[in-house]
Amino acid sequence: MADILRFADNLGPAKIIQVYEPTINLKAVLVIDNIAMGPAIGGIRMAPDVSIEECIRLARTMTLKNAAAGLSHGGGKTVVYADAKMPKPEKERLIRALACALRNFPEYIMGPDMGTDEESMAWIKDEINNRNVTGLPAEAGGIPLDQIGATAWGIRHAIEVALPYCHFPAGFTLAKARVAIQGFGAVGKNAAHFLAEVKAVLVGAADSQGSVYDPDGLDVNKLIRLKEAGKSVVDYTGGEKFDRDAIVNFDCDIWIPAARPDVVNVDNMHLLKAKLVVEGANIPLTEGAEQYLHEKGVLCIPDFIANSGGVICAGMEYRGKIESEALEVIEKLVRNNTRLVLEESRSKKILPREAAMHLAVTRVERAMSFKRWSIY
Ligand code: NAD
């Protein structure tokens, strides 16, 4: 018990719920971090190797992300301890069982995350038949946030706003900017697509199998087709192939982590060559790595500002909005918040993350001040 409580601070987590069903080997944890601003929205991650600490940190990121985006939602996260690549009937059984276990937690709204998708959300809706799930397929009344690239759409706009704040040569624009993307799933491949639309050049991409680099540019559509056919970026014909972690070292202007937490850390932070890091993944850089890169003049746009497009989309879906309205709101909110945070960081000479924390935590604490109990 004391072991779990060691992660608690003045913002949360409010509740940590273990879900266990031995007959089908369902093992999961739900962390509801802070619901002072409203019911928590947070994705369901299916992965075999996520620690409780990581789940707690991811739930906190959602609290901050919702608050920074000005949504009346708190933060939560679920981890299902399983390999997402298991046969579909087995996966469906686990997700449906999880939905039943969590049906009586109205303060938590489920959504997709790594290892789950729109179809998983549709199974949940079918089980619990209420609005406590977002990221649904269009045919089930949702805005399919991964399919439309809601998060990536925000990332593309965060990058555009951030460029003038970076140490790029005069006249540098997104057209011809060299981009490397770690993780080529819902976030990574859609970011590549939106950036290609504005003529940025994708020079590197990585997935769990390895990485590929071509200084002359990779064919984004070809890579997306490969991934959609269930293959890896290393099956791409052309470019040079490396192991998956080599992407940290690729020569590029903009680096987008869109995979796992803590991928840039004390062991590899000195290898990064980009001048701009836009955090598509949640907590992809350790605190120490962000501090180090800041001192070296590398601008890092924090996760809960840069990748808030997905949760903004979920919030819009929850309110019955349609896709075009959601995309418009994502663009506006992410652009405004990126600018706000970078201005504050520049004028106060603090890290963008510190400026973003100030923005989000002030809102959460104000919401907490109205409550009988503080965080729930
Ligand atoms: P996804 O499962 O669709 O894709 C993940 C990709 O990362 C896959 O290509 C996988 O092969 C690759 N990958 C896994 N481990 C890797 C590693 N060690 N090195 C390189 N690549 C690796 O997941 P997603 O929805 O794209 O989410 C990616 C990240 O973005 C996660 O951290 C998630 O929390 C975060 N995020 C997602 C959304 C969203 O809308 N989907 C929103 C905000 C944040």
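Q: What is the phi of glycine 320, the residue that follows α11?
A: A quick note on the ground rules: this is a predicted model, where local features need pLDDT of at least 70, side-chain atom pairs count only at pLDDT 80 or more, and totals for chains, interfaces and linings use all residues. Residues are numbered from 1 along each chain as its sequence is written, and side-chain values use heavy atoms, with hydrogens and water left out. Helices (H or I, at least four residues) and strands (E, at least two) are DSSP runs, numbered from the N terminus. Glycine 320 follows α11 and has a positive phi, near 80 degrees.

Q: How many of the ten residues of α11 are buried?
A: Buried means under 20% relative accessible area, exposed over 50%, and partly exposed in between (1.4 Å probe, protein chains only). The buried set in α11 is Gly309, Gly310, Val311, Ile312, Cys313, Ala314, Gly315, Met316 and Glu317. That leaves helix α11 (residues 309-318) mostly covered, with a buried count of nine.

Q: Which residues of α13 are buried?
A: Helix α13 covers residues 352-369 and has 18 residues, reaching 26 Å from its first C-alpha to its last. That is close to the 26 Å expected at 1.5 Å a residue, the expected span being 1.5 Å times one less than the number of residues. Among the elements covering its buried residues are β2 (26-34), α2 (52-68), α9 (287-295) and α12 (323-348). The buried residues themselves are Pro352, Arg353, Ala355, Ala356, Leu359, Ala360, Val361, Val364, Ala367 and Met368.

Q: Which residues does threonine 61 contact beyond its neighbours within four places in sequence?
A: Threonine 61 lies in helix α2. At 4% relative accessibility, threonine 61 counts as buried. Leaving aside neighbours within four places in sequence, its contacts are Asn282, Ile283, Asp303 and Phe304.

Q: Why does isoleucine 95 count as buried?
A: Isoleucine 95 belongs to helix α3 (residues 88-102). Beyond four places in sequence, its contacts are Met46, Thr116, Ser120, Trp123 and Ile124. Leucine 26 is 69 residues away in sequence, yet 8.8 Å from isoleucine 95 in space, C-alpha to C-alpha. Isoleucine 95 is classed as buried because its relative accessible area is 1%.

Q: The side chain of threonine 116 reaches which backbone oxygen, and at what distance?
A: Threonine 116 sits in the loop between β5 (108-112) and α4 (118-128), and counts as buried at 6% relative accessibility. Beyond four places in sequence, it touches Ile44, Met46, Lys91, Ile95, Gly111, Met121 and Asp146. A polar contact is a pair of N or O atoms within 3.5 Å; within protein, one must be able to donate a hydrogen and the other to accept it, and residues adjacent in sequence count only if both atoms are side-chain atoms. The side chain of threonine 116 reaches the backbone oxygen of isoleucine 44, at 2.7 Å.

Q: How far is a polar side-chain atom of aspartate 146 from a nitrogen atom of the ligand?
A: The ligand is surrounded by 26 residues, Asp146 being among the closest along with Arg45, Asp113, Thr151 and Ala259; to be near, a residue needs a heavy atom within 4 Å. An oxygen atom of the ligand is 2.7 Å from a polar backbone atom of alanine 259. For the polar side-chain atom of aspartate 146 and the ligand nitrogen, the distance is 2.9 Å.

Q: How much of the ligand's exposed area does the protein bury?
A: Accessible areas come from the Shrake-Rupley method with a 1.4 Å probe; for residues, only the protein chains shown count as cover. Taken alone, the ligand exposes 830 Å², and the share of that buried by the protein is 87%.

Q: Is lysine 349 buried or exposed?
A: Lysine 349 has a positive phi of about 55 degrees, although it is not a glycine. Its place is in the loop between α12 and α13. At 72% relative accessibility, lysine 349 counts as exposed.

Q: Which proline has a cis peptide bond from glycine 12?
A: Most peptide bonds are trans. The residue in question is found in the loop between α1 (2-5) and β1 (15-21). With omega near 0 degrees, the cis bond runs from glycine 12 to proline 13.

Terms used:
Contact = heavy atoms within 4.5 Å.
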